[in-house]
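Please keep the sequence and the 3D view at hand while reading.

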Amino acid sequence: MENLINIFVRSVFIDNMIFAYFLGMCSYLAVSKTVKTSTGLGIAVIFVMIITVPVNYLMNKYLLLPGALSWLDPSFASLDLSFLSFIMFIAVIASIVQLVEMIVEKYSPSLYNALGIFLPLIAVNCAILGGSLFMQEREYETLAEATVFGLGSGVGWFLAIVSIAAIREKIKYSNIPKPLRGLGIAFILTGLMGIAFMTFMGIKL
Amino acid sequence: MKALRRYLDKIKPNFQKGGKLGMFHSTFDAFETFLFVPDKVTTKGSHIRDSIDMKRTMTVVIMALMPAMLFGMWNVGYQHSLMIGESWTLWQNFFYGFLKVLPIIIVSYGVGLGIEFAFAQARGHDVNEGFLVSGMLIPLIMPVNVPLWMVAIATAFAVIIGKEVFGGTGMNVFNPALLARAFLFFAYPSHMSGDKVWVAGLTSGDKVVDGFSGATPLADAAAYHMDKLPSTYDMFMGFIPGSIGETSTLAILIGAIILVVTGIGSWKIMLSTVIGGLSAGYLFNIFGVNPYMEIPAWHHLIMGGFAFGAVFMATDPVTAAQTERGKWIYGFLVGFFALLVRVLNPAYPEGMMLAILLMNAFAPLIDHYVVQANISKRLKRAKKVAKL
């Protein structure tokens, strides 16, 4: 249990997807104009993360790792399919995003309308693929660890986009120099927020 | 005074639109309003009239900073005299510190105001007074041994990237003084932390008495040298090494009283920061895994920059939360995170700076949720009334 809490806190604050690794920047910068839409996107990312990371964990464990296929037949024990991880992970993510989209549309049209274009966009969000690749690289031991890591990374991303959206709403009427308006100031803001998030760098739980 | 006024009136036409030096209008205006209360008044639309404008506000904050600054100067000399093992008189201590601190203040003001004036000229707006306070805060949160060129770079970074790109005073998201310090902290860590930087002359090879370490109480505590911690009285009065203005809790309290009485600093933020710090401290006391967690919670309030940050940094009206309920949440989290970093993060001995910067990033979000909560509460009430 302690281990799981540790992974969660780490992935939310210390290894924050945006401020520590600068992953998923495209939608982070593009959709962070208002708190409302960025909340929607953030929740969608949490949702997708929490499903794709464990699924990819299973893929990794039972298909891709060296000798992972030996559950099919002992003669496969020497096979190493890890060179396929990129294509497998992204295929899983894309199909799961599609699936999630269909399910949400069927059972909760209001949420579907609220998320709009963001749901399909998530398929190409690098934070999601990054989550799966980090999961592979850090060799999480159990399915629970992978799930908690997915949840934590999603929550960290959510926090980042919602907080920058609030700041961008606040500075909407500031007298910012013309060349910096819009994306320029968003980049500077992200850098400064990165400095603020250095707070957590090095914390060991 | 009259002669000065007459002189200003005489040269004023030169600086007005169309005058010979019209392009320097904002520079002239800045000096004129600094010297005399401007005669411009609102003629319509405004319902609150107050003699206090931004310049006076900033001046009050500077006055509140004076005790901490004067004590800081004295303490620089005192620590140095301890280091070389001589006992100096009060004036010797003060004069030594004065000579050490004054250059830092001059560089900070010179660079910062230079950039402010340049931006004001280039962008055609009036010079704002915001830097008066930042320029005083920057020297007070530096270690006394910091090289002057670093102060210059950090000030330039803070004013340009922290403030001017957001549109100048009142628009910044992060506290400029803290950004300056954070910039140096991450760019030149060896000059901003460790045991050598806090006492003047310790790095330059002056003779040092045996047993003098120059470590701050925070560094001692982080290394679990609990027996080396100075007495509570010393820490409260400020006879300890540390950044120039942060050591004396007493001097800072005097400043806090000035700020609260004049209504310029928010007592809600100060109080909630202290509450946040205390609750984190008591939480650590309950766990008590290592010696650092076992020190009394209130000890944290008088060590390091906690008091200075709570009184002068967290209360910055621009970067703090703006809503009244938001201020409580904001302050509480500042205090809480500051202690969290101090005790749990081995990389940094002090957490106040980073905790405030972090909460600066989240303050707009806190405000947003407070406002939204209020809106939905009122909507609910309106619906209830409509139903009746």
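In this predicted model, G305(B) has a relative accessible area of 8% and is therefore buried, since buried means under 20%.

**The glycine G305(B)**
- G305(B) is found in the loop of chain B that runs between α14 (299-302) and α15 (306-313).
- When neighbours within four places in sequence are left aside, the contacts of G305(B) are E246(B), R342(B), E350(B) and M352(B).
- G305(B) and L90(B) are 215 residues apart along the chain, and a distance of 24 Å separates their C-alpha atoms.

**The aspartate D220(B)**
- D220(B) belongs to helix α9 of chain B, which covers residues 217-222.
- Is D220(B) buried or exposed? Its relative accessibility is 8%, so D220(B) counts as buried.
- Apart from neighbours within four places in sequence, D220(B) is in contact with A215(B), H225(B), K228(B) and L229(B).

**The helix pair α3(A) and α4(A)**
- In chain A, the axes of helix α3 (residues 35-64) and helix α4 (residues 85-107) come within 10 Å of each other and cross at roughly 140°.
- Angles over 145 degrees count as roughly antiparallel; α3(A) and α4(A) are therefore described as oblique to each other.
- The two helices, α3(A) and α4(A), form a right-handed crossing.
- Residues of α3(A) that take part in the contact include F47(A), V48(A), I51(A) and V55(A), while those of α4(A) include M88(A), F89(A), V92(A) and I96(A).
- Sorted by class, this contact between α3(A) and α4(A) comprises 15 nonpolar and 4 polar residues, with no charged residues.

**The nonpolar cores**
- The largest nonpolar core contains 167 residues.
- Which residues have the most contacts inside this core? They are Y28(A), I122(A) and W157(A) from chain A, together with F174(B), F308(B), F312(B) and Y330(B) from chain B.
- Helix α17 of chain B (residues 352-387) gives the most to this core, namely 14 residues.
- F174(B) touches residues of both chains: L189(A), L192(A), M193(A) and A196(A) on one side of the list, and G162(B), L179(B), T319(B), L357(B), N360(B) and A361(B) on the other, not counting residues up to four places away in sequence.
- A second, separate core has 5 residues, among them L8(B), I11(B), F15(B) and F36(B).

Methods:
Residues are numbered from 1 along each chain as its sequence is written. Chains are lettered from A and ligands numbered from 1 in the order in which they are written. This is a predicted model: local features need pLDDT of at least 70, side-chain atom pairs count only at pLDDT 80 or more; totals for chains, interfaces and linings use all residues. Side-chain values use heavy atoms; hydrogens and water are left out. Helices (H or I, at least four residues) and strands (E, at least two) are DSSP runs, numbered from the N terminus. Buried means under 20% relative accessible area, exposed over 50%, partly exposed in between (1.4 Å probe, protein chains only). Contact means heavy atoms within 4.5 Å. Axes are lines fitted to C-alpha atoms, for helices over the stretch in contact, and angles run from 0 to 180 degrees between N-to-C directions. Angles under 35 degrees count as roughly parallel, over 145 as roughly antiparallel, 65 to 115 as roughly perpendicular and the rest as oblique. A crossing is left-handed if the near helix is turned anticlockwise from the far one by less than a right angle, and right-handed if clockwise. Ala, Val, Leu, Ile, Met, Phe, Trp, Tyr, Cys and Pro count as nonpolar, Asp, Glu, Lys and Arg as charged, and the others, Gly among them, as polar. A nonpolar core is a set of buried Ala, Val, Leu, Ile, Met, Phe, Trp, Tyr and Cys residues joined through side-chain atoms within 4.5 Å.
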